[in-house]
Structures are given as structure tokens and as C-alpha cells.
Amino acid sequence: MTMLTMRRWMAGVLAGVLAGGTVAVVLTQTTPATAERRGHAPIVIGHRGASAHRPEHTLLSYETAIAMGADYIEPDLVSTKDHVLVARHENEISGTTDVAAHPEFADRRATKTVDGRAVTGWFTEDFTLAELKTLRAKERVPDLRPDNTAFDGLPEIPTFEEVVKLALEHGVGVYPETKHPTYFDSIGLSLEEPLLDVLNRYHVRKAYIQSFETANLRELRSRTRLPLIQLITFGGAPYDWIASGSTRTYDDMVTPDGLREVAAYANGIGVDTRRVVPQDASGKTLEPTTLIADAHRRRLAVHVWTVRNENSQLPADYRLGNPASPVYPRATGNVMGWLSRLVELGIDGAFCDDPAMGRAVVTGRSA
């Protein structure tokens, strides 16, 4: 048994323990999914690492995702004042670090307009890397994931370079997202150059680059052969379109003509699961859309986000337990059944907060 095979086997066992026996149900399902018929199993992307089990965007989280069998680990990237890329969900860090407890940085608190929205707090671009390294990460959603708070105050903010080195050490891929590229361009801290510098310096070949905007992906297309992923939310529009005065939205992007345009610069789309399986007003799933088939006709991969364990994060018909219980919102629902449904529909990959759950489904279906 190779190390990679053993890692994935152990991930399946771990998922079984976490799911309380749900694995046995999933492993009996052998109907091949569209993606599998196309010659490959869907990839498991550790969303912000293993954010269901460790504070997101920390080396602790990425290490856990790797141990759980993730094919790729996903850092969201923002810039420091001295133009070093670090992994944070947002450039405003009061919710993910202990910065508010550092009196020496009290005067850095500010209100800024990011992507047209006023945001108040502390921002990575106002700190050097050395200063950020004096902070410690904490759980972003403690009410949903109280167990993760046991790790508050332990991990540093990792650089993108540190994440890449970790991925290469363990033979997994990286899936970086450029956060707010128009904003960072406007303050002279473009994300694309340091991103490519790290990837090229370490000769990274197993990677996807993703963005909710379009202009930076078009720019990257002329500068790298790595696959690019156009992210698409359930509503709204790319901020670079809004900034240019365009009235087009993400809805236009998922039409046949829109997908044809995306295929001219990207290799795939990363979409909210509701773009694939809509939900009614009560949160119950409706009939699937044709998006996966439409994208595949344009030779675009389809990666979905985000598959989460908690009842409050799942469609209503995949929730488990007693709704009257005070812990029902954060209790684990039928996440494996939900992901299995998405795999059946033909997705090419899934962003999972719990990569062990994702690995158990994918490995079980291909067994």
C-alpha cells in the first residue's frame, strides 16, 4: 500500500467515526457519476484547510486536511504592507486573529471601502509580515464550531509560500484564491505577481488559481499555463464588472453564451451548490439545473462550494436530528448523502470543510 493510498484509507476510516456509521450507507452506492464516467473521480478540495476541525487558513488546518485525504488545500490570499501574500479569508482580520488584544496596533483600526462596501477593523495591508507574525489566529465562527476554539491563540498567520511548501512536502495540490484583486490593484499591491512568483519559484504543477473577478483571470491566462477557475456566486456580479459600470451579473455568466465566454480564458467554474441544485424558500432541494452539462459541453470543469457538515449549512432535506435541540444547527447532518448527490450529478470537484467526509464519498464510489 502506498503512502497516498494509506492516507486515503485512513481518511475513510476517520470519516466513518465522525459520521457515526454513515459511511456504510455511502459505500454501498455504486452508481457511477458523470465525472467518473468521464474518466476521473472528483477532486476533494480542503476548503480553507479542514475548517470544520481547525481554525481556517492555518497550517494546523491545512495539515489536518492533508491527513484527511484532500487532493488540494485552498488558501485565500491577501497582501501585507510589504507585498507578501498571506492566507486569510479577508484582508480585515479582527474576526480571525487576536489583533484587537494587541494595544500596540490599536491605532491601525480603520474604516475602508472594499469592493464598494464600508468595512471597519484591522487590515493586512496595514501590517508588515513581521508584524502579522506576532498575531495568532482564532476560530472565525465559534458559535457554529465551538470545539475549534480550543486552538485559538496557537497558530500564526501562514504565508502563501509556507502553504505551498507544506503541500509539496505531502504531495498535494494548492488551490489559491485571489481576494479582492481590484481593490488590491487600487492600493498598489497587485496579487498576481507575487502569486506567480511563489508558484514558479517552487515549480508548482498541481494547482488551480481561482477568482470571483474576471479581469485578473484574463491577465493570468497570458502568464501561466496552470488551470484557472472562474468563481460564480448564487447572486450578484463580479466586482470588476461593477467597477467598470457593466450591468451584467453572474446569472449571465452561466448561460450558454456566458459559459462560452468563460471558456475563452478559464478551465473551469467554481459555483455555489445552488447553481447546480436550487432550493425552495424552505431550503429544500429542487430539480437540478443543466449547468453541469452546459459547462462540460464547453470543456469547463465544475467544482462546487461549499460542502459543510452542519445542519444549518445543509439543504433542509439533508438535515438530521431534533430541530428543537439547541445544538441542532451545528449538529452533523447527512453531509455525505448531499455530497454523494452532487457527485451523481457529475461534479468534477468539491470544496469541503471536512475533507475526510469528501474523501470517504469519493473513495467509496470508486471502490
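Which residues of H8 are buried? In this predicted model, the buried residues of helix H8 are Glu192, Pro194, Leu195, Leu196, Val198 and Leu199. The helix spans residues 192-201, and His203, which follows H8, has a positive phi near 55°.

Helix H8 packs against helix H6 (residues 160-170), with an angle of about 30° between them and a separation of 10 Å between their axes. Because angles under 35 degrees count as roughly parallel, H6 and H8 are classed as roughly parallel to each other. The crossing of H6 past H8 is right-handed. On the H6 side the contact comprises Phe160, Glu161 and Val164, and on the H8 side Leu195, Val198, Leu199 and Arg201. By class, the residues of this contact comprise 5 nonpolar and 2 charged, with no polar residues. Of the H8 residues in this contact, Leu195, Val198 and Leu199 also belong to the buried set of the helix.

Helix H6 also packs against helix H4 (residues 59-67), at an angle of about 20° and with the axes 11 Å apart. H4 and H6 are therefore roughly parallel to each other, and their crossing is right-handed. Leu59, Tyr62, Glu63 and Ile66 of H4 meet Glu162, Val163, Leu166 and His170 of H6. This contact between H4 and H6 contains 5 nonpolar residues, 1 polar residue and 2 charged residues.

Ile209 is located in strand S9 (residues 209-211) and counts as buried because its relative accessibility is 0%. Beyond its neighbours within four places in sequence, Ile209 is in contact with Pro176, Leu195, Leu196, Leu199, Leu217, Leu220, Thr224, Leu226, Pro227, Leu228 and Ile229. Among these partners, Leu195, Leu196 and Leu199 are buried residues of H8. Leu196 lies 13 residues from Ile209 along the chain, and the C-alpha atoms of the two are separated by 9.9 Å.

Ala87 is placed in strand S4 (residues 85-87); with a relative accessibility of 0%, Ala87 likewise counts as buried. With residues up to four places away in sequence left out, Ala87 touches His57, Tyr62, Pro75, Asp76, Leu77, Ile157 and Pro158. One of these residues, Tyr62, also takes part in the contact of H4 with H6. Ala87 and Arg48 are 39 residues apart in sequence, with a C-alpha to C-alpha distance of 8.7 Å.

The largest nonpolar core consists of 83 residues, and within it Ile73 and Ile269 have the most contacts. Helix H14 gives the most to this core, contributing 6 residues. When residues up to four places away in sequence are not counted, Ile269 touches Ile229, Gln230, Ile232, Leu259, Val262, Leu291, Ala295, Leu300, Ala301, Val302 and His303. Another core, of 9 residues, lies apart from the largest one and includes Ile43, Tyr208, Trp305 and Phe351. Ile229 is a contact partner of Ile269 and also of Ile209.

Helix H14 (residues 335-345) is mostly covered, with 8 of its 11 residues buried. These buried residues are Val335, Met336, Gly337, Trp338, Leu339, Ser340, Leu342 and Val343. Gly346, which follows H14, has a positive phi near 110°.

How values were computed:
Residues numbered from 1 in each chain as written. Predicted model: local features only at pLDDT ≥ 70, side-chain atom pairs only at ≥ 80, totals over all residues. Heavy atoms only, no water. Axes fitted to C-alpha atoms, helices over the stretch in contact; angles between N-to-C directions. Helix = DSSP H or I, 4+ residues; strand = E, 2+ residues; numbered from the N terminus. Parallel < 35°, antiparallel > 145°, perpendicular 65-115°, else oblique. Left-handed = near helix turned anticlockwise from the far one by under 90°. Contact = heavy atoms within 4.5 Å. Nonpolar A, V, L, I, M, F, W, Y, C, P; charged D, E, K, R; others polar. Buried < 20%, exposed > 50% of the residue type's maximum accessible area, 1.4 Å probe, protein only. Core = buried A, V, L, I, M, F, W, Y, C linked by side-chain atoms within 4.5 Å.
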